[in-house]
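Thanks for passing this one along.

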Amino acid sequence: MKRNNVLFLGTAGGRITTFRLVRRSGGFLIDFQGSLVHVDPGPGAFVYLIRDHLIDPRNIDLIVLSHFHLDHSADLNTLIEAATDGGRKRHVSLFAPLSAVEGEDRVLLPYLRKRLVKEEILKEGEEHEYAGIKVKAVMRHTHHGAETYGLMFNDSVVYVSCARFEERMLEVYPKGRELLIINTTFYGKRHAVDHLSAEDAKRLIDSLRPKRAVITHYSMEMHQRPPESVAREISRATGVPTVAAHDGLRVEF
Ligand SMILES: [Zn+2]
Ligand SMILES: [Zn+2]
(Lines give C-alpha, C1' and ligand atoms only; values in the text may rest on other atoms or scores of the structure.)
(Ligands and ions follow the chains in the order given, each with its own letter.)
Protein backbone atom coordinates (compact mmCIF):
# COMPACT_ATOMS: atom_id res chain seq x y z
CA MET A 1 0.00 0.00 0.00
CA LYS A 2 1.17 3.49 -0.81
CA ARG A 3 2.55 5.31 2.22
CA ASN A 4 1.56 8.80 3.26
CA ASN A 5 4.28 11.35 2.76
CA VAL A 6 5.18 15.02 2.99
CA LEU A 7 7.22 16.67 0.24
CA PHE A 8 9.07 19.84 1.25
CA LEU A 9 9.29 22.03 -1.85
CA GLY A 10 11.24 24.72 -0.03
CA THR A 11 12.69 25.44 3.39
CA ALA A 12 13.39 29.19 3.36
CA GLY A 13 11.89 31.47 5.99
CA GLY A 14 12.35 35.17 6.37
CA ARG A 15 13.45 37.91 4.04
CA ILE A 16 16.98 36.94 3.06
CA THR A 17 16.78 33.17 2.58
CA THR A 18 13.47 33.48 0.71
CA PHE A 19 13.91 36.56 -1.45
CA ARG A 20 17.59 36.17 -2.28
CA LEU A 21 16.83 32.52 -3.05
CA VAL A 22 19.42 31.15 -0.62
CA ARG A 23 16.95 28.31 -0.21
CA ARG A 24 13.79 27.54 -2.08
CA SER A 25 10.34 28.43 -0.86
CA GLY A 26 6.99 26.94 -1.84
CA GLY A 27 5.70 25.22 1.30
CA PHE A 28 4.96 21.51 1.45
CA LEU A 29 2.62 18.97 -0.03
CA ILE A 30 1.02 16.13 1.94
CA ASP A 31 -0.05 13.00 0.11
CA PHE A 32 -2.68 11.01 2.04
CA GLN A 33 -3.04 7.85 -0.06
CA GLY A 34 -3.42 9.89 -3.23
CA SER A 35 -5.38 12.81 -1.77
CA LEU A 36 -3.09 15.82 -2.13
CA VAL A 37 -3.03 18.96 -0.01
CA HIS A 38 -0.63 21.81 -0.74
CA VAL A 39 0.18 23.87 2.35
CA ASP A 40 1.50 27.45 2.12
CA PRO A 41 2.42 27.63 -1.59
CA GLY A 42 5.06 30.35 -1.47
CA PRO A 43 7.19 31.66 -4.35
CA GLY A 44 8.23 28.93 -6.78
CA ALA A 45 5.76 26.23 -5.64
CA PHE A 46 4.33 25.88 -9.13
CA VAL A 47 7.72 25.66 -10.86
CA TYR A 48 9.31 23.23 -8.37
CA LEU A 49 6.29 20.94 -8.44
CA ILE A 50 6.34 20.52 -12.17
CA ARG A 51 10.02 20.79 -12.96
CA ASP A 52 11.57 18.74 -10.20
CA HIS A 53 9.03 16.51 -8.61
CA LEU A 54 6.88 15.25 -11.43
CA ILE A 55 3.67 15.88 -9.55
CA ASP A 56 0.95 16.94 -11.89
CA PRO A 57 -0.67 19.96 -10.18
CA ARG A 58 -4.01 18.80 -11.64
CA ASN A 59 -3.91 16.10 -8.95
CA ILE A 60 -3.96 18.65 -6.11
CA ASP A 61 -7.28 18.47 -4.24
CA LEU A 62 -6.88 21.09 -1.56
CA ILE A 63 -4.79 24.19 -0.84
CA VAL A 64 -4.42 25.46 2.72
CA LEU A 65 -2.87 28.75 3.84
CA SER A 66 -1.67 29.32 7.39
CA HIS A 67 -1.53 33.09 6.69
CA PHE A 68 -1.30 35.59 3.86
CA HIS A 69 2.40 36.58 4.01
CA LEU A 70 4.01 36.36 0.60
CA ASP A 71 6.46 33.58 1.49
CA HIS A 72 3.39 31.41 2.24
CA SER A 73 1.01 32.53 -0.50
CA ALA A 74 2.80 33.89 -3.59
CA ASP A 75 1.87 30.96 -5.84
CA LEU A 76 -1.67 30.47 -4.53
CA ASN A 77 -3.34 31.88 -7.64
CA THR A 78 -0.95 30.16 -10.05
CA LEU A 79 -1.64 26.84 -8.37
CA ILE A 80 -5.41 27.29 -8.52
CA GLU A 81 -5.05 27.97 -12.24
CA ALA A 82 -2.76 24.95 -12.73
CA ALA A 83 -4.72 22.57 -10.50
CA THR A 84 -8.02 23.39 -12.21
CA ASP A 85 -6.44 23.24 -15.67
CA GLY A 86 -7.33 26.87 -16.29
CA GLY A 87 -10.83 26.41 -14.89
CA ARG A 88 -11.70 23.33 -16.95
CA LYS A 89 -11.58 20.94 -13.99
CA ARG A 90 -13.51 21.88 -10.89
CA HIS A 91 -12.23 19.75 -8.05
CA VAL A 92 -10.03 22.05 -5.90
CA SER A 93 -10.91 23.64 -2.55
CA LEU A 94 -9.19 26.26 -0.42
CA PHE A 95 -9.08 26.61 3.36
CA ALA A 96 -7.60 29.91 4.53
CA PRO A 97 -7.90 32.66 7.14
CA LEU A 98 -10.53 35.29 6.29
CA SER A 99 -7.81 37.95 5.91
CA ALA A 100 -6.24 35.94 3.06
CA VAL A 101 -9.39 35.94 0.94
CA GLU A 102 -11.16 39.19 1.84
CA GLY A 103 -10.18 42.71 2.85
CA GLU A 104 -7.21 44.86 1.99
CA ASP A 105 -4.55 42.17 2.55
CA ARG A 106 -6.30 39.46 0.50
CA VAL A 107 -4.07 37.34 -1.70
CA LEU A 108 -6.73 35.37 -3.61
CA LEU A 109 -7.64 36.90 -6.97
CA PRO A 110 -11.43 37.41 -6.97
CA TYR A 111 -11.92 36.00 -10.48
CA LEU A 112 -10.40 32.65 -9.43
CA ARG A 113 -12.82 32.13 -6.54
CA LYS A 114 -15.50 30.63 -8.74
CA ARG A 115 -13.09 27.92 -9.85
CA LEU A 116 -13.03 26.50 -6.31
CA VAL A 117 -15.42 23.80 -5.16
CA LYS A 118 -15.30 25.05 -1.57
CA GLU A 119 -13.72 28.01 0.12
CA GLU A 120 -13.74 27.65 3.88
CA ILE A 121 -12.52 30.07 6.51
CA LEU A 122 -10.18 28.88 9.25
CA LYS A 123 -11.00 29.68 12.87
CA GLU A 124 -9.28 28.43 15.98
CA GLY A 125 -10.68 25.10 17.12
CA GLU A 126 -12.72 24.46 13.97
CA GLU A 127 -12.28 21.56 11.57
CA HIS A 128 -12.94 21.33 7.84
CA GLU A 129 -12.91 18.40 5.46
CA TYR A 130 -12.48 17.93 1.74
CA ALA A 131 -11.45 14.96 -0.44
CA GLY A 132 -10.83 12.80 2.63
CA ILE A 133 -8.51 15.38 4.21
CA LYS A 134 -9.48 16.81 7.59
CA VAL A 135 -7.89 20.13 8.51
CA LYS A 136 -8.14 21.61 11.97
CA ALA A 137 -7.06 25.16 12.83
CA VAL A 138 -5.46 24.17 16.11
CA MET A 139 -4.45 27.59 17.39
CA ARG A 140 -4.35 31.21 16.32
CA HIS A 141 -0.77 32.43 16.57
CA THR A 142 0.79 35.78 17.34
CA HIS A 143 2.72 36.60 14.17
CA HIS A 144 3.39 40.24 13.26
CA GLY A 145 -0.28 41.16 13.21
CA ALA A 146 -1.13 38.62 10.49
CA GLU A 147 -4.00 36.23 11.19
CA THR A 148 -2.03 32.96 11.37
CA TYR A 149 -3.06 29.43 12.33
CA GLY A 150 -1.26 26.31 13.37
CA LEU A 151 -2.87 23.35 11.63
CA MET A 152 -3.47 19.62 11.96
CA PHE A 153 -4.12 17.30 9.01
CA ASN A 154 -6.06 14.02 9.41
CA ASP A 155 -5.20 13.94 13.13
CA SER A 156 -1.67 12.85 12.22
CA VAL A 157 0.41 15.73 10.80
CA VAL A 158 0.68 18.80 13.01
CA TYR A 159 2.08 22.02 11.52
CA VAL A 160 3.28 24.79 13.81
CA SER A 161 3.42 27.67 11.35
CA CYS A 162 5.18 30.99 11.96
CA ALA A 163 4.58 32.28 15.49
CA ARG A 164 5.82 33.96 18.60
CA PHE A 165 6.22 31.23 21.22
CA GLU A 166 3.40 31.13 23.75
CA GLU A 167 3.10 28.79 26.74
CA ARG A 168 -0.47 28.05 25.63
CA MET A 169 0.94 26.10 22.66
CA LEU A 170 2.06 23.34 25.03
CA GLU A 171 -1.57 22.87 26.12
CA VAL A 172 -3.46 23.49 22.90
CA TYR A 173 -1.39 21.48 20.41
CA PRO A 174 -2.21 17.75 20.34
CA LYS A 175 0.30 15.28 21.71
CA GLY A 176 1.76 12.03 20.37
CA ARG A 177 0.96 12.48 16.65
CA GLU A 178 2.84 10.95 13.71
CA LEU A 179 4.64 14.05 12.52
CA LEU A 180 5.22 17.51 13.97
CA ILE A 181 6.45 20.15 11.50
CA ILE A 182 7.77 23.34 13.09
CA ASN A 183 8.72 26.60 11.35
CA THR A 184 11.98 27.08 13.23
CA THR A 185 13.20 30.35 11.80
CA PHE A 186 15.92 31.34 14.27
CA TYR A 187 18.47 29.53 16.36
CA GLY A 188 18.69 32.10 19.15
CA LYS A 189 15.57 33.63 20.67
CA ARG A 190 14.74 37.15 19.36
CA HIS A 191 12.20 38.86 21.50
CA ALA A 192 11.37 41.58 18.98
CA VAL A 193 10.45 39.09 16.25
CA ASP A 194 7.34 36.87 16.15
CA HIS A 195 9.12 33.70 14.97
CA LEU A 196 10.05 30.46 16.69
CA SER A 197 13.62 29.63 17.72
CA ALA A 198 15.39 26.28 18.08
CA GLU A 199 14.85 26.55 21.84
CA ASP A 200 11.10 26.99 21.28
CA ALA A 201 11.04 24.02 18.89
CA LYS A 202 12.83 21.91 21.49
CA ARG A 203 10.23 22.79 24.13
CA LEU A 204 7.35 22.00 21.76
CA ILE A 205 8.83 18.67 20.68
CA ASP A 206 9.72 17.68 24.25
CA SER A 207 6.22 18.43 25.47
CA LEU A 208 4.13 17.23 22.49
CA ARG A 209 6.13 13.98 21.99
CA PRO A 210 5.36 13.27 18.31
CA LYS A 211 6.68 10.05 16.75
CA ARG A 212 8.88 12.28 14.59
CA ALA A 213 9.56 15.99 14.21
CA VAL A 214 10.71 18.09 11.25
CA ILE A 215 12.18 21.59 11.43
CA THR A 216 11.98 23.94 8.43
CA HIS A 217 11.52 27.63 7.36
CA TYR A 218 15.06 28.77 8.14
CA SER A 219 16.56 32.24 8.41
CA MET A 220 20.20 32.85 7.41
CA GLU A 221 21.20 32.17 11.00
CA MET A 222 19.73 28.66 10.85
CA HIS A 223 20.93 28.10 7.30
CA GLN A 224 24.52 28.75 8.32
CA ARG A 225 24.47 26.76 11.52
CA PRO A 226 23.38 24.38 9.68
CA PRO A 227 19.86 23.01 10.46
CA GLU A 228 21.10 19.38 10.45
CA SER A 229 23.22 20.08 13.55
CA VAL A 230 20.25 21.79 15.24
CA ALA A 231 18.05 18.75 14.47
CA ARG A 232 20.68 16.45 16.04
CA GLU A 233 20.80 18.70 19.10
CA ILE A 234 16.99 18.57 19.45
CA SER A 235 16.91 14.78 18.94
CA ARG A 236 19.51 14.29 21.68
CA ALA A 237 17.81 16.66 24.10
CA THR A 238 14.25 15.33 23.62
CA GLY A 239 14.70 11.71 22.52
CA VAL A 240 12.27 12.44 19.64
CA PRO A 241 13.81 11.71 16.21
CA THR A 242 14.01 15.13 14.58
CA VAL A 243 14.88 15.78 10.95
CA ALA A 244 16.02 19.03 9.34
CA ALA A 245 14.03 19.51 6.14
CA HIS A 246 15.95 20.39 2.98
CA ASP A 247 14.57 21.49 -0.36
CA GLY A 248 12.98 18.49 -2.04
CA LEU A 249 12.95 16.25 1.06
CA ARG A 250 10.22 13.65 1.22
CA VAL A 251 9.25 12.25 4.62
CA GLU A 252 7.07 9.15 4.83
CA PHE A 253 4.80 8.59 7.79
ZN1 LIG B 1 4.64 35.15 8.09
ZN1 LIG C 1 6.87 32.60 7.28
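The numbered points below go from the overall fold to individual residues.

1. **Overall shape.** Please keep in mind that this is a predicted model. The protein chain holds 9 helices and 15 strands. Its radius of gyration is 17 Å, close to the 18 Å that the globule rule gives for 253 residues, so the chain is as compact as a globular protein of that length. Along the principal axes, the C-alpha atoms fill a box of roughly 50 × 45 × 35 Å.

2. Of the 253 residues, 50% count as buried. Among contacts with a separation of 6 or more, residues 24 or more positions apart account for 60%.

3. **The core.** In soluble globular proteins, nonpolar side chains tend to be buried together. Here the largest nonpolar core has 75 residues, and those that touch the most other members are Ile-30, Ile-63, Val-64, Leu-151, Val-157, Ile-182 and Ile-215. Ile-215 is a handy one to click on: beyond four places away in sequence, Ile-215 touches Ile-182, Thr-184, Ala-201, Pro-227, Val-230, Ala-231, Thr-242, Ala-244 and Ala-245.

4. **Helix H9.** This helix covers residues 227–238, and its 12 residues reach 16 Å from the first C-alpha to the last, close to the 16 Å expected at 1.5 Å a residue. Which of its residues are buried? They are Pro-227, Val-230, Ala-231, Ile-234 and Thr-238. Seen down the axis of H9, these buried residues fall within an arc of 100°, so they line one face of the helix. An α-helix has 3.6 residues a turn, so residues three or four places apart point the same way. On the other side of H9, Glu-228, Ser-229 and Arg-236 are exposed.

5. H7 has buried residues of its own, namely Ala-198, Asp-200, Ala-201, Lys-202, Leu-204, Ile-205 and Leu-208.

6. **Around the helix ends.** Just after H7, Arg-209 takes a positive phi of about 45°, and just after H9, Gly-239 takes one of about 80°. In the loop between H8 and H9 you will find Pro-226. The peptide bond that joins Arg-225 to Pro-226 is cis, with omega at about -5°.

7. **Two further positive phi values.** Leu-21 is not a glycine, yet has a positive phi of about 55°. Leu-21 lies in the loop between helix H1 (15–19) and E2, and counts as partly exposed with 13 C-beta neighbours inside 10 Å. His-217, another residue other than glycine, has a positive phi near 65°. The loop between E13 and H8 holds His-217. Is His-217 buried or exposed? His-217 is buried, with 32 other C-beta atoms within 10 Å.

8. **Strand E5 and its partners.** Both faces of E5 (residues 93–96) are covered: Ser-93 and Phe-95 are buried on one side, Leu-94 and Ala-96 on the other. E5 runs parallel to strand E4 (residues 60–64), joined by 3 bridges. E5 also pairs with E6 in the parallel sense, over 3 bridges.

9. **Where the chain ends meet.** Strand E1 (residues 5–8) runs antiparallel to strand E15 (residues 250–252), with 3 bridges between them; Val-6 has Val-251 as its bridge partner there. E1 is also joined to strand E2 (residues 28–32) by 4 bridges, again antiparallel, and Asn-5 stands opposite Asp-31.

10. **A loop to finish on.** Glu-124 sits in the loop between strand E6 (119–121) and strand E7 (127–130). Glu-124 is partly exposed, with 13 other C-beta atoms within 10 Å. Glu-124 and Val-138 are 14 residues apart in sequence, with their C-alpha atoms 5.7 Å apart in space. Leaving aside neighbours within four places in sequence, Glu-124 is in contact with Ala-137, Met-139, Arg-140 and Tyr-149.

Conventions. Residues are numbered from 1 along each chain as its sequence is written. Chains are lettered from A and ligands numbered from 1 in the order in which they are written. This is a predicted model: local features need pLDDT of at least 70, side-chain atom pairs count only at pLDDT 80 or more; totals for chains, interfaces and linings use all residues. Helices (H or I, at least four residues) and strands (E, at least two) are DSSP runs, numbered from the N terminus. The radius of gyration is taken over C-alpha atoms; the globule rule is 2.2 Å times the number of residues to the power 0.38. A residue is buried if 20 or more other C-beta atoms lie within 10 Å of its own, exposed if 12 or fewer, and partly exposed in between; C-beta atoms are placed from the backbone. Two residues are in contact if their C-beta atoms, placed from the backbone, lie within 7 Å. A nonpolar core is a set of buried Ala, Val, Leu, Ile, Met, Phe, Trp, Tyr and Cys residues joined through C-beta atoms within 7 Å. The expected span of a helix is 1.5 Å times one less than its number of residues. The arc is that of the directions from the helix axis to the C-beta atoms. Two strands pair if DSSP finds at least two bridges between them.
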